[in-house]
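Please view the structure first, then read on.

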Amino acid sequence: MISRSLETTLNALALLAISAVLAVAFFDQFANGELPCPLCLLQRAGFLLLAIGPVLNVARGPRPAHYGVTILAGLAGAGFAMRQVLLHIQPGDAGYGAPFLGLHFYTWAFVVFVVAVAACAALLILRAPGEEPRAGGKPVRLTGLSLVAVLLVLAMAGLNAVSTLAECGFAACPDNPTVYRLLQ
């Protein structure tokens with residue numbers, strides 16, 4: 001069994017991991033000029049949805065329902081990523097974007113979503129038994145690692161929103177984006 005404080009720390013570390021995944025995607029987007037396709041943007045949104053459960057766990061205290069939110073988000077994100085994997089599975093298809101450590105970002109995204117779902121299941125199994133915090137209870141004062149992790153995820157959400165708006169404008173995003181529509 002793991003203690004509540006360790007459980008909260010693990011959730012904060014999960015938020016840092018989600019932020020790192022999004023930071024690598026942003027780095028690739030700006031350093032290599034590879035604009036994300038619509039499915040890539042859905043995967044980024046899936047990572048932000050994946051962060052909701054850990055944010056709730058560090059801000060309101062760990063609860064099984066918060067892990068349920070994360071598991072559902074992980075399944076949705078894995079679905080987005082698998083859709084893109086299946087689009088590029090034919091022999092001779094080079095895939096979308098340059099590979100990273102031998103795999104395309106959408107393949108890595110699928111792996112990370114599956115690992116996140118498995119980690120949530122493990123935490124649900126390993127949780128210390130005890131009384132759950134009351135629904136609507138007082139929020140926890142965020143400090144240290146938890147505060148940094150939540151702020152970083154919020155910053156990544158804001159950057160993702162601005163980047164997507166710049167890329168797509170107020171229309172549907174192009175299948176193979178090459179320019180930022182709002183910057184033309």
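Phe30 is exposed, because its relative accessible area is 53%, and exposed means over 50%. The model described here is predicted. Phe30 and Tyr180 form a stacked aromatic pair, with 6.4 Å from centre to centre and 15 degrees between the planes. This pair links distant parts of the chain: Phe30 belongs to helix H1, while Tyr180 is in the segment after helix H6 (144–168), and the two are 150 residues apart.

The structure holds four aromatic pairs. Another of them joins Phe26 and Phe30, and this pair is stacked too. Both Phe26 and Phe30 lie in helix H1 (residues 4–31), where four residues, about one turn of the helix, separate them.

A pair of aromatic rings is described by the distance of the centres and the angle of the planes. The table gives these values for the two pairs.

| Pair | Centre to centre | Angle between planes |
|---|---|---|
| Phe26 and Phe30 | 6.1 Å | 10 degrees |
| Phe30 and Tyr180 | 6.4 Å | 15 degrees |

Through ring pairs, Phe26, Phe30 and Tyr180 are linked into a cluster.

Is Phe26 buried or exposed? Phe26 has a relative accessible area of 7%, so it counts as buried, the cut-off being under 20%. The ring of Phe26 also has a charge over it: the charged end of Arg44 sits there, 4.9 Å from the ring centre.

How values were computed: Residues are numbered from 1 along each chain as its sequence is written. This is a predicted model: local features need pLDDT of at least 70, side-chain atom pairs count only at pLDDT 80 or more; totals for chains, interfaces and linings use all residues. Side-chain values use heavy atoms; hydrogens and water are left out. Rings of Phe, Tyr and Trp (its six-membered ring) pair if their centres lie within 6.5 Å; planes under 30 degrees apart count as stacked, over 60 as edge-to-face and the rest as tilted. Buried means under 20% relative accessible area, exposed over 50%, partly exposed in between (1.4 Å probe, protein chains only). A charge sits over a ring if NZ of Lys or CZ of Arg is within 6 Å of the ring centre and within 35 degrees of the ring normal.
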